[in-house]
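Hi,

Here is the structure I promised to pass on to you. My notes on what turned up in it follow below.

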Amino acid sequence: LWFNSNDNIVNTFKLPYYEVEIVEDFPHPEEFGPGNDAIKKAYFMNVGNADAYLRASYREVWKAKDGAILSNTFEKDGQQVDVVEKGWTSEWGSEWTHKNDGYAYYNKVLKAGATTKPIITKVKLHEDAPDIYSEAQYTLEFKVESLIYAKTQEIRESDRLKISELWGIMPDVYGDGNVHW
């Protein structure tokens, strides 16, 4: 047993991760009355160490005191208008592709540690909103989904197919992380 030798090598692999969070500046107004602006800033941040594709949606719900769900619109001068006017930013229109599936797709790869520009800055209860909304509760909820962006072309091509399968839309990346949906 004099000629015995042992060796051990440990290989540790650290996988990239991505996580996109919704960041809000919403100082809960004491009074949300007709015609009064309430600050509501929202944007998205990639807190991971890998780049990501992202899509977002929103949902608004009015709930009456008795729990009944109210409409998000009311009729004024023969037209349907929003009970709450949302102060969407120009970036929500120009940096996002809005599709008929209820989602808006970010037109850039969201780099690790980066944020999008705000998509909304304020909300305001319409000055002619019917009295039924005076005792109701309003919720504006954002949802974000993200998928990892592969750095290498070979992996990126298979990821495009996977994104198409999961989201029903295929991204084309060009230039410095610009995405065409």
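Strands pair here if DSSP finds at least two bridges between them, and the element names are DSSP runs numbered from the N terminus, with helices (H or I) of at least four residues and strands (E) of at least two. Two residues lie between the strands of this hairpin, and Asp-77 has a positive phi near 55°.

Before going on, some ground rules. This is a predicted model, in which local features need pLDDT of at least 70 and side-chain atom pairs count only at pLDDT 80 or more, while totals for chains, interfaces and linings use all residues. Residues are numbered from 1 along each chain as its sequence is written, and side-chain values use heavy atoms, leaving out hydrogens and water.

Next, helix H2. With 15 residues (153-167), H2 reaches 20 Å from its first C-alpha to its last, close to the expected 21 Å (1.5 Å times one less than its number of residues). Its buried residues are Arg-156, Asp-159, Arg-160, Ile-163 and Trp-167, where buried means under 20% relative accessible area, exposed over 50% and partly exposed in between, using a 1.4 Å probe and protein chains only. Viewed down the axis of H2, these buried residues fall within an arc of 115°, so they line one face of the helix; the arc is taken from the directions from the helix axis to the C-beta atoms. The face turned away from the buried side carries exposed Glu-154, Leu-161 and Glu-165. Strands E3 (52-63), E9 (104-106), E11 (137-148) and E12 (172-174) are among what covers the buried residues of H2. After H2 comes Gly-168, with a positive phi near 75°.

What about Leu-70: buried or exposed? Leu-70, which lies in strand E4 (residues 69-70), is buried, with a relative accessible area of 14%. Leaving aside neighbours within four places in sequence, Leu-70 is in contact (heavy atoms within 4.5 Å) with Trp-62, Ala-64, Ile-132, Tyr-133 and Ala-136. Leu-70 and Asn-107 are 37 residues apart in sequence and 34 Å apart in space, C-alpha to C-alpha.

Happy browsing!
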